[in-house]
Every structure is written in structure tokens, then in C-alpha cells.
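Try each task yourself before reading its solution.

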Amino acid sequence: MSDEEDDIILSELDDDELVQQMFDDLYDGLKEEIEEGVNILLERGWQPYDILTKALVGGMTIVGKDFRDGILFVPEVLLAANAMKGGMAILKPLLAETGAPTIGKMVIGTVKGDIHDIGKNLVGMMMEGAGFEVVDLGINNPVENYLETAAAEKADIVGMSALLTTTMPYMKVVIDTMVEQGIRDDYIVLVGGAPLNEEFGKAIGADAYCRDAAVAVETAKDFVLRKHNRRAAG
Ligand code: B1M
């Protein structure tokens with residue numbers, strides 16, 4: 001870091017400058033600075049969701065592009081991810097603070113072979129904030145983890161995340177196993193992750209593909225409501 005950067009006092013920047021600086025700090029993997037930036041934006045009255053999407057996810061998008069283009073490598077991206085998690089940890093209780101009654105339960109995990117968890121964590125946080133109970137399976141999950149936990153927890157929703165084109169087909173393995181075991185209709189299956197799209201979601205037999213965490217929440221609410229209505233009618 002240059003001397004000039006050392007001198008930057010985050011609290012003296014205006015909102016736009018601070019967000020730009022947070023993009024740089026995320027890029028440089030500076031966790032403490034990201035945490036400070038998040039706290040400053042909160043003090044300035046920013047909504048937790050806006051900080052998450054505009055400052056943190058926005059910064060990670062830049063990291064993603066340079067990772068793709070071979071400008072950043074795994075160690076740097078890990079540091080950026082760690083900084084992002086520092087910011088997310090501050091926002092998590094605030095996003096979950098809505099006090100909404102529990103409207104359903106979701107088991108969520110990243111599929112086998114895949115260790116990306118930032119998007120999954122974000123979805124979990126937003127779902128909790130919207131009043132869902134969330135059981136987080138973590139990363140690298142084989143089919144048994146999803147099915148055993150969903151059964152034990154009596155979950156309404158099975159959520160799967162994949163960030164690699166090589167791991168996204170594993171979602172179909174999970175859904176096919178559900179079909180084989182005759183339990184497919186017991187759960188709402190939602191899938192997400194950067195390389196997926198709606199067509200893929202349909203092709204593998206998921207109930208829905210969710211573009212982002214906000215869409216995941218809306219979709220989950222919608223499906224859970226329909227499930228309850230079906231039960232009430234039947
Ligand atoms: Co990885 N990586 N990575 N990586 N990594 C990507 C995914 C990649 C696109 C980068 C690139 O080339 N541009 C590329 C995949 C290419 C491909 O498959 N075609 C890639 C690669 C190649 C790899 C490795 C193979 C690199 C290597 O080792 N050579 C390796 C694989 C390891 C493995 O999993 N086996 C690897 C490793 C890593 C790190 C460990 C360094 C780190 C992960 C750290 C962590 O997660 N704890 C990492 C990161 C950080 C990324 C990028 C830069 C950022 C991902 C991220 O966190 N995005 C990523 C580039 C990119 O995606 N642009 C990249 C922010 C997050 C908020 O977005 O996860 O999309 P996202 O989640 C969104 C939505 O997708 C959706 O909602 C979220 C919030 O809005 N969503 C869901 C996600 N899951 C959902 C589940 C749902 C619903 C919605 O269920 C209901």
C-alpha cells in the first residue's frame with residue numbers, strides 16, 4: 001500500500017467516494033477497512049441491504065472480472081472473500097432483525113466439488129431476514145447431506161448453490177435422487193449461482209432458478225404460500 005493510501009480517512013469521504021474506496025479495499029483484501037466502511041455507511045443511515053448489494057457485491061464483481069481475466073489469482077481472491085465476509089458479518093444480524101414470524105424452513109448448501117460460499121451465505125442471510133429458518137450445510141455437499149438434513153429438519157425448501165460450470169450438473173444428481181426416492185414433491189427445490197440460468201433450472205427439474213438473494217426470498221415466499229394453500233385446500 002502506498003503512503004498516499006495510508007492517509008485516506010474513510011469517514012471523511014462522501015458516500016460515492018467511500019463506496020469506490022471500499023471497492024478498492026475489497027480488491028486489496030483489506031478486511032478491517034471494509035468493516036470500517038460498512039460501519040460508516042450504517043451510521044450514515046444506509047440500509048443494510050443497500051450496503052450489501054452496492055458496496056460489497058459491487059466490489060466482488062470487479063474482483064470476479066479480474067480473476068476471470070487472469071489479473072488476480074486464488075490467494076488474492078481469498079483475501080477479498082475474507083474481507084467481504086467481514087462486512088457481511090456486521091450486516092447479518094441487521095438483515096435478520098425484521099422480527100418476522102418463521103414462514104418456512106430451508107436447507108441450503110453448496111454442491112459437491114464446489115467451495116464457493118459467499119453467494120450461498122448471502123442467500124441464507126436474506127432468507128433469515130425475511131423470516132425463514134435456515135439450516136446451512138456449508139460447502140462441498142454430497143446428495144446425502146441435502147436429503148438427510150431436509151428430512152430430519154422437516155424442511156420446506158432445499159436450496160443449492162453452484163459457482164462452477166463443472167459442479168452445476170451435480171444439482172441434477174440431487175434432484176434425480178429425490179425423484180428415485182419418491183420424495184421430489186415433498187420439497188420446493190430452488191437453485192442459484194452465477195453460471196446458472198432459468199433454462200438450466202428447468203432442465204434439471206428444479207422448481208425455480210433464483211438470479212440473486214432478493215429473488216430467492218421472493219420465490220421462496222411465493223412457493224411456500226402456494227404449498228400452504230394447497231395443503232389448506234386438500
Ligand atoms: Co472461484 N471461480 N474458483 N473462487 N470465484 C468463479 C466462480 C469464476 C467465475 C471466476 C472467473 O473465472 N471469472 C470461475 C468459474 C468458471 C467456470 O466455472 N466457468 C472460478 C474458478 C475457475 C475457480 C477455481 C477453479 C480457481 C482455481 O482454483 N483455479 C477454484 C474452484 C474451487 C472449488 O470450488 N472447487 C475457485 C476458487 C475460488 C476462491 C476459493 C478463491 C474464492 C471463493 C471463496 C468463497 O466463496 N469463500 C473464489 C471466488 C470468490 C470467486 C468469484 C471471484 C466470486 C464469487 C462470489 O463470491 N461472488 C467468482 C467470479 C464471479 O462469480 N464473478 C469465481 C459474489 C456472490 C455474492 O455472488 O456467488 O453469484 P454469487 O451469488 C449470488 C447469485 O448467484 C445467487 O445469489 C447470490 C447473491 O445475490 N445465488 C443463489 C448463489 N447461490 C444461490 C443459491 C440459491 C439461490 C441464489 O439457492 C436457493
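**Exercise 1. Find where the ligand sits in this predicted model.**

Solution. Start with the pockets: the ligand sits in the largest pocket. Next, look at the elements around the ligand. Those that give two or more residues to its shell are helix 4 (48-68), helix 5 (74-95), helix 6 (118-129), strand 3 (157-161) and strand 4 (188-192). Among these, helix 5 gives the most, with five residues.

**Exercise 2. Describe the residues that surround the ligand.**

Solution. Begin with the count: 32 residues surround the ligand. Then sort the shell by class, which gives 18 nonpolar, eight polar and six charged residues. Finally, pick out the closest ones: Arg68, Ile115, His116, Asp117 and Ser161.

**Exercise 3. Which residues place an N or O atom within 3.5 Å of a nitrogen atom of the ligand?**

- His116 has a polar side-chain atom 2.7 Å from a ligand nitrogen.
- Ser161 has a side-chain N or O atom that lies 2.7 Å from a nitrogen of the ligand.
- Arg68 uses its backbone instead, with an N or O atom 3.5 Å from a ligand nitrogen.

**Exercise 4. Relate the ligand to the domains of the protein chain.**

Solution. First mark the domains: the assignment gives domain 1 (8-98) and domain 2 (105-233). Their C-alpha centres lie 26 Å apart. The contact between them takes 13 residues from domain 1 and nine residues from domain 2. Now return to the ligand: its shell draws at least three residues from each of domain 1 and domain 2.

Technical notes:
Residues numbered from 1 in each chain as written. Predicted model: local features only at pLDDT ≥ 70, side-chain atom pairs only at ≥ 80, totals over all residues. Heavy atoms only, no water. Near = heavy atom within 4 Å. Polar contact = N/O pair within 3.5 Å; in protein donor to acceptor, adjacent residues only side chain to side chain. 1 Å grid on protein atoms, 1.4 Å probe; cavity = no way out; pocket = protein on both sides within 12 Å on 5 of 7 lines; lining within 4 Å. Sits in = over half its atoms within 2 Å of the grid points. Helix = DSSP H or I, 4+ residues; strand = E, 2+ residues; numbered from the N terminus. Nonpolar A, V, L, I, M, F, W, Y, C, P; charged D, E, K, R; others polar. Domains from an automatic or database assignment. Contact = heavy atoms within 4.5 Å.
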